[in-house]
Amino acid sequence: MNAATETDRALVDRVAKGDRAAVRLLFMRHHARIYRFVARQTGSEMMADDIANEVFLELWKQAPSFEGRSEVSTWLLGIARFKALSMLRKKKEDWIDDDDAAQVPDSADTPEVVTMKEDKAAALRRFVDALPEEHRTVIDLAYYHGQSVTEIGEVLDIPVATVKTRMFYARKKLGEALKAAGYDRGWP
Amino acid sequence: MSAAEKMSRRDEMETLLPFYLNGSLEGAELEAVEEWLATDPAALAALGEAEAEFSGTAAANEAIRPPADALSRFARALDAQAGPARAPTGQSWLASLFGRVTAMPAGVAWAAAAALLALVLVQSFERPSGKGNDFEVAGAQDDLAKLPFALVKFKQDARMADIAAFLGQNGLKIAGGPTADGVFHLTIPAETSADYDRIVGLIAAQPFADAVIQGRKPVDGG
């Protein structure tokens, strides 16, 4: 092990023994990503703040039972996902309907006008944000959180095949949105 | 291969590209993507599109800024849940000494910093576990004790996201801390003393850095 980057697992072992400095180090390493993950799941930074805090308190409590079957980052994302869903259920907020969310956000502009106003990178970012939640989540987990197909399945508690299906449709929708905006990338 | 089969293969490859880019693909799927990239003229363009998605997704996520006081609020919540911290021993004394050193005129501070560094090393020698203290000393692991490091205090209004981004960009690692007074122990990825001085200078120049004390420097030619 490179001591300069004491592994997350080693830190969790220390947390399990009651080491508060270790949990603070894990917080420093992972909080921003957990916060962003929840903010994009719930659409609320206030909820993200509460839930991200709870995730690390949960880490403090559950560290002794962490078996190391998955990466610590995957484990934390799974806890965050569970807590976000629970909080959303409590608030009786429905998930965004796929068909509605697949559309480009409300705009009086035609696709051509929108295209004139922004470059492709900005358009792409807007289209990623506008993806249905279940599709945007796999995009976020793969591209931003660096998760593998299997790890995404663990975080979302879905089969590997479903992860791939969601990724396929997510990328397909991005391609279609780009094409509608005048950026034909040749697929789908 | 029929057109339908070819399309199906492309769909599969397009699905795997994000995982190829994030480095998590392995085995037969990795080989399949690499073979596709090497043989299909459309594949490199597809890779470029996936890279653009990668950048767009990163930008969309990083536009979300966590609150600057998240760590301090979490520390309070943790203390509330876990009970009062163990009675401070050398930690508070070390942290307060750090505070006094940083308040000194520069010339005096260098001498004091050397003394402080020696005390840190003594602590690490005497308490090799490094556990149970708020301040994580260099000797918590044998290898860590040999690495160049600096002691850094960040400003109270510093944004954690800014600090994390800076650390990541410069290969800096937090090896310990924060103390109750906010002192962190950073390992410095320097192989020469000139590298070390440059990196420490860079840290000190950041708007979020409150104070920096040099710790162990690499020995040139050693």
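From the N terminus on, the elements of chain A run α-α-α-α-α-α-α-α-α-α. The model is a predicted one. Chain A has 10 helices and zero strands.

**Chain A as a whole**

- Of the 188 residues in chain A, 44% are buried.
- Among contacts in chain A with a separation of 6 or more, 66% are between residues 24 or more positions apart.

**Helices α1 and α2**

- Helix α1(A) spans residues 8-16, and its packing against α2(A) has an angle of about 145°.
- The axes of α1(A) and α2(A) are 7 Å apart.
- The crossing in which α1(A) passes α2(A) is left-handed.
- On the α1(A) side, the contact is made by D8(A), L11(A), R14(A) and V15(A).
- On the α2(A) side, the contact is made by A22(A), V23(A), L25(A) and L26(A).
- Sorted by class, the residues in this contact of α1(A) with α2(A) are six nonpolar, no polar and two charged.

**Helices α2 and α3**

- The angle at which α2(A) and α3(A) pack is about 140°, and their axes are 8 Å apart.
- Angles over 145 degrees count as roughly antiparallel, and 65 to 115 as roughly perpendicular, with oblique for the rest once those under 35 are set aside as roughly parallel. α2(A) and α3(A) are therefore oblique to each other.
- The crossing in which α2(A) passes α3(A) is right-handed.
- Residues of α2(A) that take part in the contact with α3(A) include V23(A), L26(A), F27(A), H31(A) and I34(A).
- Residues of α3(A) that take part in the contact with α2(A) include E45(A), M47(A), A48(A), I51(A) and W60(A).
- By class, the contact of α2(A) with α3(A) has 15 nonpolar residues, two polar and one charged.

**The side of chain A that touches chain B**

- In chain A, 48 residues are in contact with 53 residues of chain B.
- At least two residues of this side of chain A come from each of α2 (20-42), α3 (45-62), α7 (120-130), α8 (133-144) and α10 (160-180).
- The helix that gives the most to this side is α2(A), with 12 residues.
- The residues of the side of chain A that touches chain B comprise 25 nonpolar, seven polar and 16 charged.

Conventions: Residues numbered from 1 in each chain as written. Chains lettered and ligands numbered in written order. Predicted model: local features only at pLDDT ≥ 70, side-chain atom pairs only at ≥ 80, totals over all residues. Contact = placed C-beta atoms within 7 Å. Helix = DSSP H or I, 4+ residues; strand = E, 2+ residues; numbered from the N terminus. Nonpolar A, V, L, I, M, F, W, Y, C, P; charged D, E, K, R; others polar. Axes fitted to C-alpha atoms, helices over the stretch in contact; angles between N-to-C directions. Left-handed = near helix turned anticlockwise from the far one by under 90°. Buried ≥ 20, exposed ≤ 12 C-beta atoms within 10 Å, placed from the backbone.
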